[in-house]
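Take a moment to look over the chain before reading on. The paragraphs below walk through it part by part.

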Amino acid sequence: MAYEFSNFVRLESLSWLAVASDNMAENTSDLDGDNFDWDTEDELEIDNIPLSCSSLTVPGRLAAVGSGEASSSGGSSCTKIVDHFVGMGFSKKMVAKAIQEHGEENTDTILETLLTYSALEQSPEEEVQQAEPDNFSSDYDYEESFLNDFSDIDSSDEDITNPTSDEESKIMSLVNMGYTRAEASIAIERCGRDCSLAELTDFICAAQMAKVADGDFPLEEKPRLNGDYSKLKKRKLLDSKQRRLEKRIMTEDDETIRLPNPMIGFGVPAEPFQRVRRDLPESAIGPPYFYYENVALAPKGVWSTISRFLYDVEPEFVDSKYFCAAARKRGYVHNLPIENRFPLLPLPPRTIHEAIPLTKKWWPSWDTRTKLNCLQTCIGSAKLTERIRKALEESDGEPSMRIQKYVLDECRKWNLVWVGRNKLAPLEPDEVEMLLGFPRNHTRGGGISRTDRYKSLGNSFQVDTVAYHLSVLKEMYPNGINMLSLFSGIGGAEVALHRLGIPLKNVVSVEISEVNRNIVRSWWEQTNQRGNLIDLADVQQMNSDRLEYYMSKFGGFDLVVGGSPCNNLAGSNRHHRDGLEGKESSLFYDYFRILDLVKCIMTRNQ
């Protein structure tokens, strides 16, 4: 069966806002290289912060501005250095102070010092009392407000953005973050007046990236910041073409799926609201049952397209914070029944202190977190935690509000927990496994590195959430189930079914990562599964002949489950947030292609 997807898809463009290209440099200044893969999934969902200028420089030399090069003469070089940093928005007095401290050769250190001065709102005359300039440097990579797109935080629980119901206050908050009033107003109009600042900044970021990719209009000039980073200069007004484009977008007839608040889908355990029925389109009624997952905060129109391809089934948006101690906002499209669901028992811990009780002894009163943010594929660096420790130790008594804010922002970004007096540390892989509902040591051993463990876990399902949705299958398949698992990862769906007590008769698992395939195979053997596991590498090689072969052996698939890569959907992938047209996220169409083939083959064989 051939599929001409160009005849099916009309992906909506968000090309209506301007963004300065010099704000697109990737910030890697304080990250340990062994712990990071910036093209993976969940760190892209939440790491939407203003980017540091440090990538514009090379150690010991000034980065080129225009076509000029640093002069070899001392006076000329110093003048160019001063002009360079003044051009970034720092005051001459502040630049002179930094150069006096560090010399004119090390431009990286100068920049870090200037960022420290600005972030802490201290003038050059003031000595930094709580910490040396390097204590914050490029880890403090935001302007006056922390602009991370914590897409997996419920802002009603965490006082990160100080949300308010007043529309003008939200506009002013966004303007203080560096967005224009036009951007803020359009975002509120499109997302709704009750949405959080995190959702608004995610929406604006998506629109900015689409604007850059579109290239139809000249980029708007990015405003410079003044020396203390406390205010932003007004941007130029959008030109007439941009205004017409905004008006067109705001009057489009097509409807966009909006995220619910609270994000509890058709119901979650221990919450009063529960939907007990829904109407499925006739083409979606199973079997085979299907279950598809991806990040909730995708660019505009993505979930509408996903729903349209998956037989117009209404997505179910759920935050895993209702199932465990960590947030994880996801959308699920499935044709499973929604009545008579039940959770896995025993219920997992719901707060940080319940999940990791040893941290309670050292937890300061000013850290009010009760839930962790989305668990990522990477962790905070040792350099970062050492800087935080020094800053806290040099504080006299309780840290100042500025240092508390800095520490809490980094804690929320990297899910740092307290392990000693003034000591923070990232979660261990075993702790991440527990929070995500996997058995202890699920990703340990077999030559798998710590980095691979974090990466595999960060891209996985939250087992308790998925098991709650799949629990309706237990009465339907008491003798076992045949499953096609696409983009299997580390086997989140398989583990969920096993923990529900549903026998796995035949599982065809398709996963590109050899590391992940080894993890699933090891789990299969150690849990003494009696069924058959067939692991394959590439979903694009799953054609009708191969599917018919397996289905003739098993008698068809009862469940087709999968979560295609979200690399081009995640909130902070500012360079390649191309939606379902992106290289990785376009694999969603392979999920649909394979699911539709399975349905056609089973219909023909009935």
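**A guided walk through the model**

Ala284 counts as buried, at 0% relative accessibility. Buried here means under 20% relative accessible area, exposed means over 50%, and partly exposed lies in between (1.4 Å probe, protein chains only). This is a predicted model, in which local features need pLDDT of at least 70 and side-chain atom pairs count only at pLDDT 80 or more, while totals for chains, interfaces and linings use all residues. Residues are numbered from 1 along each chain as its sequence is written, and side-chain values use heavy atoms, with hydrogens and water left out.

Stay with Ala284 for a moment. Ala284 sits in the loop between helix H8 (240-250) and strand E1 (289-295). Helices (H or I, at least four residues) and strands (E, at least two) are DSSP runs, numbered from the N terminus. Leaving aside residues up to four places away in sequence, Ala284 touches Phe290, Tyr311, Val313 and Asn335. A contact means heavy atoms within 4.5 Å. Ala284 and Leu336 are 52 residues apart in sequence, and their C-alpha atoms are 9.8 Å apart in space.

How much confidence does the predictor place in the chain? The average pLDDT is 75, and 68% of the residues score at least 70. pLDDT is the predictor's confidence in each residue, from 0 to 100. Over residues 121-164 the pLDDT stays under 50, and the model has 138 contacts beyond four places in sequence for this stretch. Residues 212-254 also have pLDDT below 50. That stretch has 84 contacts in the model beyond near neighbours in sequence. Where pLDDT is low, the predicted coordinates should not be read in detail.

Next come two loop residues. Ser320 lies between strand E2 (316-319) and strand E3 (329-334). Ser320 is buried, with a relative accessible area of 0%. Not counting residues up to four places away in sequence, its contacts are Ala326, Arg328, Gln462 and Thr465. Cys566 lies in the loop between strand E9 (559-562) and H20. Cys566 has a relative accessible area of 1%, so this residue is buried. An unreviewed UniProt entry places the feature "active site" at Cys566. UniProt positions follow the numbering used here, feature names are shortened, and annotations may be inferred rather than shown by experiment.

Now turn to charge. Side chains of opposite charge can pair when their charged atoms come close. A salt bridge is a side-chain nitrogen of Lys or Arg within 4 Å of a carboxyl oxygen of Asp or Glu. By this rule there are 17 salt bridges. One joins Arg277 and Asp279, at 2.8 Å from N to O. Arg277 and Asp279 are both exposed.

Asp535 and Arg521 form another salt bridge, at 3.0 Å from N to O. Asp535 lies in strand E8 (residues 532-536) and Arg521 in helix H18 (residues 514-526), so this pair ties together parts that are 14 residues apart in sequence. Asp535 is partly exposed, at 29% relative accessibility. Arg521 is partly exposed, at 29% relative accessibility.

What distance separates N and O in the salt bridge of Arg604 and Glu548? It is 2.9 Å. Arg604 belongs to helix H20 (residues 588-605) and Glu548 to helix H19 (residues 544-554), so the pair ties together parts that are 56 residues apart in sequence. Glu548 is partly exposed, with a relative accessible area of 32%. Elsewhere, salt bridges that share partners join Asp430, Glu433, Arg440 and Arg453 into one network.

Last come the rings. A pair of aromatic rings is described by the distance of the centres and the angle of the planes. Rings of Phe, Tyr and Trp (its six-membered ring) pair if their centres lie within 6.5 Å; planes under 30 degrees apart count as stacked, over 60 as edge-to-face and the rest as tilted. A search of the whole structure finds 16 aromatic pairs. The rings of Tyr550 and Phe554 have centres 6.3 Å apart and planes at 15°, so they are stacked. Tyr550 and Phe554 are four residues apart in helix H19, so about one helical turn separates them. Both are buried. Phe554 also pairs with Phe557: the centres are 6.1 Å apart and the planes at 75°, so this pair is edge-to-face. Phe554 and Phe557 are both buried.

Ring pairs also link Phe290, Tyr292, Phe309, Tyr311, Phe588, Tyr589, Tyr591 and Phe592 into a cluster. The charged end of Lys599 sits over the ring of Tyr311, 5.1 Å from its centre. For this, NZ of Lys or CZ of Arg must be within 6 Å of the ring centre and within 35 degrees of the ring normal.
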